[in-house]
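Please open the model in the viewer and display the whole chain as a cartoon. The tour begins with the overall fold and then turns to one pair of packed helices.

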Amino acid sequence: MSWLFLLLSGLGEVGGVTGMKLSDGFKNWRGTLLALASGFVSFYCLSRALQAIPISTAYAIWTGIGSVGSVILGMLLFGESRDKRKLLFIGMIIVGVAGLKIVGGGH
């Protein structure tokens, strides 16, 4: 269950940054609500995951999910660059996150 909470916390992080982008500096209330609600979900689920997963593993995976998800949504929703080097480094983050899951311990 802890790993599910960690996955949900990472997805909440992606929703939070996407909401911040859509909020236009917190001037758009829908984006602002998305950012706040997603941020709450992200931190709540991260706190639950940390009950069983080591902080070093959980934090690295949380930021990895947030980073990769934000880059992908940036490309899909906001027309950001799809440079091959960028995709290579996203792949490296994914491999690193998978490696941490394998060796990270926890439940």
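A residue counts as buried when its relative accessible area is under 20%. By that criterion, 35% of the 107 residues in this protein are buried. The model is predicted.

**The whole chain.** Colour by secondary structure: the protein has four helices and zero strands, and its elements run α-α-α-α from the N terminus on. The radius of gyration is 15 Å, close to the 13 Å that the globule rule gives for 107 residues, so the protein is as compact as a globular protein of that length. Along the principal axes, the C-alpha atoms fill a box of roughly 40 × 35 × 15 Å. Of the contacts between residues at least 6 apart in sequence, 66% join residues at least 24 apart.

**The helix pair.** Next, select residues 55-78, helix H3, together with residues 84-103, helix H4. The two helices pack at an angle of about 155°, and their axes lie 9 Å apart. Because angles over 145 degrees count as roughly antiparallel, H3 is roughly antiparallel to H4. The crossing of H3 and H4 is left-handed.

**The contact between them.** Now show side chains. Which residues of H3 meet H4? On the H3 side, select Thr57, Ala60, Ile61, Gly64, Ser67, Val68, Val71 and Met75. They meet Lys86, Leu87, Ile90, Ile93, Ile94, Val97, Leu100 and Lys101 in H4. Colouring this selection by class shows eleven nonpolar, three polar and two charged residues in the contact of H3 with H4.

Notes:
Residues are numbered from 1 along each chain as its sequence is written. This is a predicted model: local features need pLDDT of at least 70, side-chain atom pairs count only at pLDDT 80 or more; totals for chains, interfaces and linings use all residues. Side-chain values use heavy atoms; hydrogens and water are left out. Axes are lines fitted to C-alpha atoms, for helices over the stretch in contact, and angles run from 0 to 180 degrees between N-to-C directions. Angles under 35 degrees count as roughly parallel, over 145 as roughly antiparallel, 65 to 115 as roughly perpendicular and the rest as oblique. A crossing is left-handed if the near helix is turned anticlockwise from the far one by less than a right angle, and right-handed if clockwise. Contact means heavy atoms within 4.5 Å. Ala, Val, Leu, Ile, Met, Phe, Trp, Tyr, Cys and Pro count as nonpolar, Asp, Glu, Lys and Arg as charged, and the others, Gly among them, as polar. The radius of gyration is taken over C-alpha atoms; the globule rule is 2.2 Å times the number of residues to the power 0.38. Buried means under 20% relative accessible area, exposed over 50%, partly exposed in between (1.4 Å probe, protein chains only).
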